[in-house]
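Me: I would like a close look at one part of this protein. Please keep it brisk.

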Amino acid sequence: MYNKIYEILDKKGRVRTGTFLDGPYMGKKCILPSGMTVQEEKDCETAKSNSRMQLLTENPEEKSIWTPYLNILEETRETKVIEAEGQQLFIEDYRKNPHLVIFGGGHVSQPTAHLGKMLGFHVTIMDDREEFVTRERFPEADELVFGDFKELDKYILPYENAYYVILTRGHIGDADCLRRVLNRPYEYLGMIGSKNKVRITRENLLSEGVSREKLDEVHAPIGIPLGGQLPEEIAVSIMAEIIKVKNMHYSAYCDEKVEAAVMEGRHGVMVTIAKKSGSSPRGVGSKMFVEASGHITGSIGGGKVEFEAIRHCKEVEEKDVKHYALTTDGKDSLGMICGGQVTVVFERI
């Protein structure tokens, strides 16, 4: 399952999984690739049907056990444990390699691309003027695309973990980009412009049949209002808004060393923090891969919890869930004084 998770992450940048922490299906896991637009994920029956078809399980016959939980899987946009149908369900929302796609290579795009790269985004610049997408103008960009905005789907593939910034030189280019990006998945979509230009663009797209709900997802005018006038100041306001959206939901941390160990075909036990309270040092979704040889990649925080988890890996046959209490007495106590609880999932792979 983890090979597939990491394959989807590399291709799409986002994937969700669900794991039962108790009950008759304890340890069962599913993968739910998204593949839909923001609005489809919210209320489209077609999206729900697609989710059912896309759902991946370790055994095909296990798909039916997830039917009562599909709506929860589709609607949950962060990593956490939830109560569902009387059971605890651990949902992990993985995100990796965020893409910043900037349409328009003008004076605001340059500092926006620089800030995006500095903040860890894969940066793509597209313009329909060849002289505006050069290495001299965008030395740090990962991709430079020259082409007609009406044909952007030919040049830029859909990607789940994408942040789109529309900064073209006029309302026609803005509308060309907007009507196409609205039909693909994204994490953020923003368009620069005055309130009047934004209003006219919205009215034109509404007249074409684009739903008001879709248009309401667009950040326009773009950016957090900081009162800036310089291109660099506008870029800061754009990236500040993007970072705010990016960090709105808590995602599972994707440790690339753990990913590499799995993709290299090593065998061992994947150890994941599913739930925590109190003083445990690592967050929910933190992973550690423990091989039979004793080699360990990643960490769930070190200390007593990690020591006990490593020791327990030898006893794991397929799946297991353990609760550790960071207290001096009581059930599952580790004899510690810091306080708190940690729920850990063990999966042999």
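Is E259 buried or exposed, by relative accessibility? Please describe its surroundings too, and then the other salt bridges.

Reply: This is a predicted model. E259 counts as buried, because its relative accessibility is 5% and the cut-off for buried is under 20%.

E259 sits in helix α11, which spans residues 256-263. Helix α11 packs with helix α1, residues 2-12. The angle between them is about 120 degrees, and their axes are 9 Å apart. That angle makes α1 oblique to α11. The crossing of α1 past α11 is left-handed.

Now the contact itself. From α1 come Y2, N3, Y6, E7 and D10. From α11 come V258, E259, V262 and M263. Five residues of this contact are nonpolar, one is polar and three are charged. E259 is one of the residues in the contact.

E259 also has a charged partner. Side chains of opposite charge can pair when their charged atoms come close. E259 forms a salt bridge with K96, with the closest N and O atoms 2.6 Å apart. K96 lies in the loop between β5 (87-95) and β6 (99-103).

The model has 31 salt bridges in total. Take K28 and E62. Their side chains meet in a salt bridge at 2.7 Å, N to O. K28 is in the loop between β1 (14-20) and β2 (29-32). E62 is in the loop between β3 (56-57) and α4 (70-75). The pair therefore ties together parts that are 34 residues apart in sequence. K28 is partly exposed, at 28% relative accessibility. E62 is buried, at 8% relative accessible area.

Next, E187 and R77. They form a salt bridge, and the closest N and O atoms are 3.5 Å apart. E187 lies in the loop between α7 (171-181) and β10 (188-191). R77 lies in the loop between α4 and β4 (80-84). Here, too, distant parts of the chain are linked, 110 residues apart. E187 is buried, with a relative accessible area of 10%. R77 counts as partly exposed, at 21%.

This pair belongs to a network of salt bridges. The network links R14, R16, R77, D93, R95 and E187.

How values were computed:
Residues are numbered from 1 along each chain as its sequence is written. This is a predicted model: local features need pLDDT of at least 70, side-chain atom pairs count only at pLDDT 80 or more; totals for chains, interfaces and linings use all residues. Side-chain values use heavy atoms; hydrogens and water are left out. Axes are lines fitted to C-alpha atoms, for helices over the stretch in contact, and angles run from 0 to 180 degrees between N-to-C directions. Helices (H or I, at least four residues) and strands (E, at least two) are DSSP runs, numbered from the N terminus. Angles under 35 degrees count as roughly parallel, over 145 as roughly antiparallel, 65 to 115 as roughly perpendicular and the rest as oblique. A crossing is left-handed if the near helix is turned anticlockwise from the far one by less than a right angle, and right-handed if clockwise. Contact means heavy atoms within 4.5 Å. Ala, Val, Leu, Ile, Met, Phe, Trp, Tyr, Cys and Pro count as nonpolar, Asp, Glu, Lys and Arg as charged, and the others, Gly among them, as polar. A salt bridge is a side-chain nitrogen of Lys or Arg within 4 Å of a carboxyl oxygen of Asp or Glu. Buried means under 20% relative accessible area, exposed over 50%, partly exposed in between (1.4 Å probe, protein chains only).
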